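Please keep the sequence and the structure in view while reading.

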Amino acid sequence: MILTGGAIAAAVTAGEIAIEPFDPARLSPNAYDWRLGETLRVCDGDLDAAAPTAFAETVIPPGGMVLEPGVLYLGVTLERTGSERYAQMLNGDRTTGVLGIWVHVSAPLGHAGHAIRWTLEIRVARRVRVYPGMTFGKLIFLQTFGAPASYQQLGLKYTATDGIDISRLYEEIPGGAA
(Lines give C-alpha, C1' and ligand atoms only; values in the text may rest on other atoms or scores of the structure.)
Protein backbone atom coordinates (compact mmCIF):
# COMPACT_ATOMS: atom_id res chain seq x y z
CA MET A 1 0.00 0.00 0.00
CA ILE A 2 1.40 3.42 -1.02
CA LEU A 3 0.86 6.34 1.34
CA THR A 4 -0.90 9.41 -0.01
CA GLY A 5 0.63 12.86 0.36
CA GLY A 6 -1.69 13.56 3.28
CA ALA A 7 -0.71 10.30 4.98
CA ILE A 8 2.99 11.12 4.48
CA ALA A 9 2.44 14.52 6.13
CA ALA A 10 0.57 12.91 9.03
CA ALA A 11 3.34 10.31 9.48
CA VAL A 12 6.00 13.06 9.50
CA THR A 13 4.01 14.95 12.18
CA ALA A 14 3.65 11.73 14.20
CA GLY A 15 7.39 10.99 13.96
CA GLU A 16 6.82 7.80 11.93
CA ILE A 17 8.61 9.21 8.87
CA ALA A 18 11.64 11.50 8.88
CA ILE A 19 12.28 13.82 5.95
CA GLU A 20 14.97 16.40 6.66
CA PRO A 21 14.51 19.08 5.52
CA PHE A 22 10.75 18.66 5.15
CA ASP A 23 8.70 21.03 3.01
CA PRO A 24 4.94 20.29 2.87
CA ALA A 25 4.78 22.06 -0.52
CA ARG A 26 6.86 19.17 -1.95
CA LEU A 27 4.09 16.63 -1.26
CA SER A 28 2.18 15.29 -4.26
CA PRO A 29 -0.87 12.98 -4.27
CA ASN A 30 1.21 9.83 -3.58
CA ALA A 31 4.81 10.96 -3.07
CA TYR A 32 7.33 13.49 -1.85
CA ASP A 33 9.39 15.43 -4.44
CA TRP A 34 13.04 15.02 -3.45
CA ARG A 35 15.94 17.19 -4.58
CA LEU A 36 19.48 16.73 -5.83
CA GLY A 37 22.17 17.46 -3.25
CA GLU A 38 25.19 19.59 -4.02
CA THR A 39 27.87 16.91 -4.40
CA LEU A 40 28.65 14.51 -7.26
CA ARG A 41 31.24 11.80 -7.58
CA VAL A 42 32.45 11.22 -11.12
CA CYS A 43 33.52 7.59 -11.52
CA ASP A 44 36.97 7.33 -13.12
CA GLY A 45 38.33 4.66 -15.44
CA ASP A 46 37.12 1.10 -15.73
CA LEU A 47 34.81 -0.29 -13.09
CA ASP A 48 35.59 -3.61 -11.37
CA ALA A 49 33.12 -5.32 -9.03
CA ALA A 50 36.04 -6.78 -7.05
CA ALA A 51 37.63 -3.38 -6.31
CA PRO A 52 36.50 -0.05 -4.87
CA THR A 53 35.47 2.46 -7.55
CA ALA A 54 37.87 5.33 -8.20
CA PHE A 55 36.18 8.71 -8.34
CA ALA A 56 36.67 12.45 -8.28
CA GLU A 57 34.30 14.41 -6.07
CA THR A 58 32.95 17.80 -7.04
CA VAL A 59 30.48 20.33 -5.69
CA ILE A 60 27.83 21.42 -8.16
CA PRO A 61 28.15 25.22 -8.40
CA PRO A 62 25.02 27.39 -8.01
CA GLY A 63 25.12 28.04 -11.77
CA GLY A 64 24.86 24.30 -12.43
CA MET A 65 27.06 21.61 -13.92
CA VAL A 66 26.82 19.96 -17.32
CA LEU A 67 26.59 16.16 -17.16
CA GLU A 68 28.00 14.20 -20.11
CA PRO A 69 26.70 11.00 -21.73
CA GLY A 70 28.79 7.88 -21.11
CA VAL A 71 29.84 8.97 -17.62
CA LEU A 72 28.58 7.42 -14.39
CA TYR A 73 27.82 10.05 -11.78
CA LEU A 74 27.04 9.21 -8.18
CA GLY A 75 24.98 11.90 -6.51
CA VAL A 76 23.15 12.33 -3.26
CA THR A 77 19.70 13.49 -2.24
CA LEU A 78 19.38 16.81 -0.46
CA GLU A 79 16.89 15.19 1.92
CA ARG A 80 17.73 12.57 4.52
CA THR A 81 14.77 10.20 4.81
CA GLY A 82 13.84 7.21 6.90
CA SER A 83 11.20 5.31 8.77
CA GLU A 84 11.14 2.34 11.10
CA ARG A 85 7.55 1.66 10.02
CA TYR A 86 7.53 2.23 6.26
CA ALA A 87 9.74 1.11 3.38
CA GLN A 88 10.66 3.73 0.80
CA MET A 89 11.01 3.72 -2.99
CA LEU A 90 13.05 6.44 -4.65
CA ASN A 91 12.61 7.12 -8.34
CA GLY A 92 13.31 9.76 -10.92
CA ASP A 93 10.24 11.31 -12.45
CA ARG A 94 8.93 12.83 -15.63
CA THR A 95 10.58 16.20 -14.98
CA THR A 96 14.06 14.65 -15.13
CA GLY A 97 13.20 11.82 -17.53
CA VAL A 98 12.18 14.17 -20.34
CA LEU A 99 15.60 15.82 -19.99
CA GLY A 100 17.20 12.43 -20.68
CA ILE A 101 18.34 11.95 -17.08
CA TRP A 102 18.15 8.44 -15.63
CA VAL A 103 18.16 8.51 -11.87
CA HIS A 104 18.56 5.63 -9.48
CA VAL A 105 17.44 2.89 -11.86
CA SER A 106 19.02 -0.08 -10.09
CA ALA A 107 18.27 0.31 -6.38
CA PRO A 108 15.03 2.13 -5.60
CA LEU A 109 14.18 0.27 -2.36
CA GLY A 110 14.93 1.80 1.02
CA HIS A 111 14.30 -0.80 3.69
CA ALA A 112 12.27 -0.02 6.79
CA GLY A 113 14.72 1.27 9.36
CA HIS A 114 17.24 2.70 6.90
CA ALA A 115 17.58 6.45 7.48
CA ILE A 116 19.78 7.89 4.74
CA ARG A 117 20.66 10.53 2.27
CA TRP A 118 20.36 8.37 -0.84
CA THR A 119 23.28 7.62 -3.16
CA LEU A 120 22.04 8.22 -6.70
CA GLU A 121 23.22 6.49 -9.88
CA ILE A 122 22.91 9.15 -12.58
CA ARG A 123 23.31 8.71 -16.36
CA VAL A 124 22.30 11.12 -19.12
CA ALA A 125 21.29 10.59 -22.75
CA ARG A 126 22.61 14.01 -23.86
CA ARG A 127 24.56 16.84 -22.30
CA VAL A 128 22.34 18.42 -19.66
CA ARG A 129 22.91 21.03 -16.96
CA VAL A 130 21.78 20.18 -13.44
CA TYR A 131 21.58 22.40 -10.38
CA PRO A 132 21.97 21.76 -6.65
CA GLY A 133 18.61 21.62 -4.92
CA MET A 134 16.60 21.03 -8.10
CA THR A 135 13.67 18.61 -7.98
CA PHE A 136 15.07 15.30 -9.16
CA GLY A 137 12.45 12.65 -8.42
CA LYS A 138 9.72 11.18 -6.26
CA LEU A 139 9.90 9.25 -3.02
CA ILE A 140 7.04 6.99 -2.04
CA PHE A 141 6.41 5.25 1.27
CA LEU A 142 5.06 1.71 1.45
CA GLN A 143 3.29 -0.06 4.30
CA THR A 144 5.20 -3.20 5.29
CA PHE A 145 3.58 -6.47 6.37
CA GLY A 146 4.95 -9.19 8.60
CA ALA A 147 7.34 -9.02 11.54
CA PRO A 148 9.21 -5.70 11.52
CA ALA A 149 12.94 -5.87 10.74
CA SER A 150 14.99 -2.67 10.95
CA TYR A 151 17.80 -2.38 8.39
CA GLN A 152 19.89 -0.46 10.93
CA GLN A 153 19.69 -3.33 13.41
CA LEU A 154 20.83 -5.97 10.91
CA GLY A 155 24.40 -4.62 10.61
CA LEU A 156 24.44 -4.77 6.80
CA LYS A 157 27.18 -3.14 4.71
CA TYR A 158 25.36 0.12 3.92
CA THR A 159 24.07 0.73 7.47
CA ALA A 160 26.37 3.72 8.06
CA THR A 161 25.77 5.38 4.68
CA ASP A 162 25.37 9.14 5.07
CA GLY A 163 25.89 10.53 1.63
CA ILE A 164 27.42 9.22 -1.56
CA ASP A 165 28.65 5.67 -1.24
CA ILE A 166 30.42 3.56 -3.85
CA SER A 167 29.54 -0.08 -4.45
CA ARG A 168 30.84 -2.40 -1.77
CA LEU A 169 30.21 -5.56 -3.75
CA TYR A 170 33.97 -6.19 -3.54
CA GLU A 171 33.41 -7.16 0.12
CA GLU A 172 31.46 -10.21 -1.06
CA ILE A 173 33.74 -11.37 -3.89
CA PRO A 174 36.41 -13.94 -2.90
CA GLY A 175 39.77 -12.29 -3.48
CA GLY A 176 38.18 -8.85 -3.80
CA ALA A 177 39.59 -5.86 -1.95
CA ALA A 178 38.32 -5.80 1.61
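## Strands around E13

Strand E3 (residues 31–35) and strand E13 (residues 135–143) run antiparallel and are joined by 4 bridges. Strands here are DSSP runs of E with at least two residues, numbered from the N terminus, and two strands pair if DSSP finds at least two bridges between them. Across from tryptophan 34 stands glycine 137 in E13.

Strand E8 (residues 86–91) also runs antiparallel to E13, with 6 bridges between them. Here asparagine 91 is opposite lysine 138 in E13.

The model is predicted: local features need pLDDT of at least 70, side-chain atom pairs count only at pLDDT 80 or more, and totals for chains, interfaces and linings use all residues. Residues are numbered from 1 along each chain as its sequence is written, and side-chain values use heavy atoms, with hydrogens and water left out.

Which order do the strands take in the open sheet? The order is E2-E3-E13-E8-E10, 5 strands with antiparallel pairing. E2 and strand E10 (109–110) are at the edges with a single partner strand each, so one side of each has no neighbour in the sheet.

The partner strand E3 is joined to E2 by 2 bridges, and the two run antiparallel. In this pair, serine 28 has alanine 31 in E3 as its bridge partner.

## A cis peptide bond

Most peptide bonds are trans. Glutamate 20 and proline 21, however, are joined by a cis peptide bond, with omega about -5°. Proline 21 is in the loop between strand E1 (18–20) and strand E2 (27–28).
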